[in-house]
Amino acid sequence: MSGHILIVEDDENIARMVEATLELGGYTSEVSADGSSALALIQQREYDLVLLDVMLPQLDGFDVLAEMTHRQRQIPVIFLTAVDEVSKKVRGLRMGAEDYIVKPFEAVELLARIDVVLRRTQRGAAGSVCFDGICVDIDAHQVLHNGQLVQLTPKEFDLLVFFIQNTDIALTRERLLSAVWGHHFLGETRTVDTHVQQLRKKLALAEALVTIPRLGYRLEGSG
Amino acid sequence: MKLWQKIFLLTLALVIVVVNATSLLLLSNNHHLAIERDRQDALSRHNYIVVELQNAIIYQQLVDRVISLDEGEALAVAREVLNRQRADSSLGVALFSDGQLLHAVNQTAKRQSDERTLLNEPAYTARITNTDDATYLLIVSTVQLNGRPYQLLSSLDITSTYHLFAANLDMVRFIGTLSALLVAGILLLLMRGLLGPLRDLSTTTRHIALGELGRRAAVKGHDEVSEVARNLNIMAESIERNVTQLEGLAESRRVFIGNLAHEMKTPLTSILGFADILRIKRGVSDAQRQEFASVIVSETRHLQGLSSKLMQLLTISNFRPSLQDIELEEYIAQLKLALTPLFERSGLRFATQVDSPRLVADPELLASLLNNLLDNAIKASPPGTTITLRATRDTASDGCVLTVTDQGAGIPPEQIPLLTEPFYMLDKARTRRHGGAGLGLALCAEIVRAHNATLQIESAVDAGASVSVSFLPTSAEEGHEQAEERFDDSDTTTSREDGPQPTGARAVTNVQASDIADRPRLPGIPPAVSSVTLGREESHV
């Protein structure tokens, strides 16, 4: 996935961290430290997504979102906040925010949420992803390995897509489980291992799909 | 059974019994008197007839000039006497001889003549007898006429006396019932009037118990019930006050914890985020590793500073300061020496002025207080300006006043009262950059409170700020006593306490107050003997 994202966050270090995380996910980003300059940027430039901190000096996150709605700048917004309070969550979502992430969060979690939101808002843009001779047509549910059609089970397919989308990022088994099998899947992490074995065998990924000790797996590009 | 029902029924029963008993007693007494009067009347009339009879017989004897009349003539004379009674129907008379009725006047007497048994009684006998619906008083006596014994029976109609009695009895019953009804009505009204406030009180108490704490009972008059109402109101007020206080405490503690959580989450977000990137990213460059790791280190330091400030806040609230006489000139000179590098780094000048020779305070807490105040001043000051620390004597109280003045950005007036609240930051970004968490002035306020001193902040935008702490004039010994008082009653502190307290810490204070009182006291250092020049000393760094 690619996209240009605006980070509105008043804490320098957190802003830098989010920037680094987005970079990891292959997104480009800009940082704005307060509500009014964020609004100015939104007005001038095009963004695919806004990551909006709720607690900002002067104009807070809710105000910024309200102003965006008012100016009819319809850019998907994900709130970042330290306050884990249901009423605020509801308020944010009711105002039209796409999601709500409570600090602190893990890098991959942020990327996954962004991915979901962008996928939802850019409908039909799923298209295809490629990795080193493997081309995945997401809409047609087809995998071509060096031009040859490869048969994958639906879960193997989803797992492959998630790996390619997160190339060069180490993914824990838990993260893979929740991303592919869903949050409510009660299976064991062993399920992940067997599917990874299948992918390695079917697509000759023994080298690229690396096991990271005590962590999980990482699909490593040749670069 | 309810109280009012008990009182009502008892009083009503009592009234009915007393009224009826009294009137019955009076009535029967009256009746007896009437009967007695009738009896006297009957007796006198009876005797009159006897005398008449005897006189007539004697008169006839004299007319006939005989000693004894013959029986027939005597009877004729007696009949004539008796017949005179015909005119008065109320009294009937009958004359008997040896149980035989000789003559009877008036119907009643004839009827009564059946009462032969009376005739055997000796001398006078009176008896009351009822026939049909009439009542008679019978009197029988033996009369010697013409040398022979006769029995004379007179019967007086006393029905009217009995009728009167019956009528009176009816009247008494009527009046009794009427008065009972009247009393019942009055009692009910009285009960309502007297017990109404009690019912209101009960309602009010129930409402208060159900949590309607603002509810008060109506206080009317000065009787016992209104006294209870007054006392209930006093109780309700104190309950309401306590509950409000507790709620306020809980609320400010909630705010404190919320702020604390927020203050912790901010560095934690950076730490977790960067650590996670370092963990999962492939091929992290050296420059990036260094950048990410140094953020992690600095944010961890921030957390460390936060936790140590919090610990200080907690300990000051629970700890009695160990007061000592401090030679201010020497103390401030040392402080200046220690802080010189810091001021040089920030490009600031540090001026001191000591007009007051000594101060009774806890040296460690005083150091923490001055460090925090100077730290704030440094953060607020642009390079090239001067920060001044003055120790002056307050002419009014003769106490010592420490003042830190800067030439920085100043504080908007409406923000000043909020400054001593934990986690309050004038400029969040700048405070963070300096590694602060908004606890410095809260800590200062706590230290000031521990010394029974007062904290005053004066400032205007772009005119710098001046923070002064006024200590009361005390020796070390007195100071200990005052500090002890502070623990006995935390409301007596004179420092500005309008704003919410750092309640996480305050709540513990009361619990541990007794425990602190038991702690061995640190002996105060005897007052310094060396005299200190009171001159003006000013220097620049």
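**Note on the predicted two-chain model**

1. Chain A is built from eight helices and twelve strands, and the coordinates discussed here and below belong to a predicted model. Of the 223 residues in chain A, 50% count as buried, while among the contacts in this chain with a separation of 6 or more, 57% are between residues 24 or more positions apart.

2. The largest nonpolar core contains 113 residues, and the members that touch the most others are Val18(A), Leu51(A), Ile114(A), Val136(A), Leu160(A), Phe163(A) and Leu366(B). With residues up to four places away in sequence not counted, Leu366(B) touches Ile326(B), Tyr331(B), Leu359(B), Ala361(B), Leu402(B) and Phe471(B). As general background, nonpolar side chains in soluble globular proteins tend to be buried together.

3. Within chain B, helix α1 (residues 3–64) and helix α2 (residues 71–83) have axes that come within 9 Å and cross at roughly 135 degrees. Because of that angle, α1(B) is classed as oblique to α2(B), and the crossing in which α1(B) passes α2(B) is right-handed. On the α1(B) side the contact involves Ile49(B), Glu52(B), Leu53(B), Ala56(B), Ile57(B), Gln60(B) and Asp64(B), which meet Glu73(B), Ala74(B), Val77(B), Ala78(B), Val81(B) and Leu82(B) of α2(B). By residue class, this contact divides into nine nonpolar, one polar and three charged.

4. A helix pair between the chains is formed by α1 (residues 12–24) of chain A and α6 (residues 286–318) of chain B, which pack at an angle of about 145 degrees with their axes 11 Å apart; the crossing is left-handed. Asn13(A), Arg16(A), Ala20(A) and Glu23(A) supply the α1(A) side, and Gln288(B), Glu291(B), Phe292(B), Val295(B), Ser298(B) and Glu299(B) supply the α6(B) side. The residues of this contact divide into three nonpolar, three polar and four charged.

5. Ser97(B), which lies in strand β1 (residues 91–97) of chain B, counts as buried because its relative accessibility is 7%, under the 20% cut-off. Apart from neighbours within four places in sequence, Ser97(B) is in contact with Leu102(B), Arg148(B), Pro149(B), Tyr150(B) and Gln151(B). For Gln151(B), the C-alpha to C-alpha distance from Ser97(B) is 6.0 Å, although the two are 54 residues apart in sequence.

Note on methods:
Residues numbered from 1 in each chain as written. Chains lettered and ligands numbered in written order. Predicted model: local features only at pLDDT ≥ 70, side-chain atom pairs only at ≥ 80, totals over all residues. Heavy atoms only, no water. Axes fitted to C-alpha atoms, helices over the stretch in contact; angles between N-to-C directions. Helix = DSSP H or I, 4+ residues; strand = E, 2+ residues; numbered from the N terminus. Parallel < 35°, antiparallel > 145°, perpendicular 65-115°, else oblique. Left-handed = near helix turned anticlockwise from the far one by under 90°. Contact = heavy atoms within 4.5 Å. Nonpolar A, V, L, I, M, F, W, Y, C, P; charged D, E, K, R; others polar. Core = buried A, V, L, I, M, F, W, Y, C linked by side-chain atoms within 4.5 Å. Buried < 20%, exposed > 50% of the residue type's maximum accessible area, 1.4 Å probe, protein only.
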